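These are my notebook entries on one structure, kept in the order in which I looked things up.

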Amino acid sequence: MYIPPHFQEISPDEIARVLDAAPLACVVAQTESGLLANHLPLLAGPDGTLLGHVALANDMHRLIRDGQEVLAIFRGEDAYVSPNYYPSKPEHQRHVPTWNYQAVHVHGPIRFQHDLRSKRAAVGLLTRLHERRLHGDRAWRMADAPADYMQQMLDTIVAFRIEPQRTLAKSKLSQNREPRDQRAVVKALAADGHATLAAIMEPRLPEG
């Protein structure tokens, strides 16, 4: 990923926030059949390892060698930025459209896990996180489903872990614009329905 110095994201907390806020990653790998890409929800464990699972019917776990390096792409908030947002535009017209966004690329070997314990853990951790966020005390639990049905479902998946060895992160948030233009972009994005991206940009605004 091309990352100019002013767009490089180096904050571990911000990188973790992007992974947490945009868990549906695109996992990419080179195989004998060519490039393979799958969109899968991932969860970062305490040690940074990415946990997930894939359908047994998906050839991903057959085409990708165990221990092979893969790339997990997490795409955060994004929005089109119009030159009309910049108050400096009428003065010199030296502006063109662009796109603001956040993205994190995680490279590392993938390990597939076929044992029941690993599969149960992958499903349990992912569903517990997202169910609690959505339903709180009313969250769905694996124990809510009949045991035989849950076993059937677990039999149809393969768990996996990706061990991060290299992480590249980019926050392209108008840092290369003058302060008044940056502030105007935040205001315009908030008004145009991109309040979350505007909120991410606001703490980065220059003082004054």
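**Pocket and cavity**

I looked up the largest pocket and found about 250 Å³ of space in it. I work here on a predicted model, in which local features need pLDDT of at least 70 and side-chain atom pairs count only at pLDDT 80 or more, while totals for chains, interfaces and linings use all residues. Residues are numbered from 1 along each chain as its sequence is written, and side-chain values use heavy atoms, with hydrogens and water left out.

For my own record, the search runs on a 1 Å grid over the protein atoms alone: a cavity is a set of points where a 1.4 Å probe fits but cannot get out, a pocket is an open set with protein on both sides within 12 Å along at least five of seven lines, and lining residues have an atom within 4 Å of a point. A volume is the space filled by probe spheres set on the points, which are joined across faces, edges and corners.

I then read off the lining of the largest pocket, which has 17 residues, with Ala16, Leu19, Ala44, Gly48 and Leu50 nearest the centre. Helix 1 (12-21), strand 3 (43-44) and helix 4 (116-135) each supply at least two residues of this lining, and helix 1 gives the largest share, five residues; helices (H or I, at least four residues) and strands (E, at least two) are DSSP runs numbered from the N terminus. By class I noted 13 nonpolar, three polar and one charged residues, where Ala, Val, Leu, Ile, Met, Phe, Trp, Tyr, Cys and Pro count as nonpolar, Asp, Glu, Lys and Arg as charged, and the others, Gly among them, as polar.

How many cavities of 30 Å³ or more does a search of the whole structure find? I found one, and the space in the largest cavity is about 30 Å³. Leu173, Gln175, Gln182, Met201, Arg204 and Leu205 line the largest cavity, and I class this lining as three nonpolar, two polar and one charged.

Glu9 sits in the segment before helix 1.

Is Glu9 buried or exposed? I record Glu9 as buried because its relative accessibility is 10%, the classes being buried under 20% relative accessible area, exposed over 50% and partly exposed in between, with a 1.4 Å probe and protein chains only. The side chain of Glu9 makes a polar contact of 2.7 Å with that of Ser171; such a contact is a pair of N or O atoms within 3.5 Å, and within protein one must be able to donate a hydrogen and the other to accept it, while residues adjacent in sequence count only if both atoms are side-chain atoms.

I next looked up Glu91, in helix 3 (residues 89-92), which is exposed at a relative accessible area of 54%. The side chain of Glu91 has a polar contact of 2.8 Å with the side chain of Arg180.
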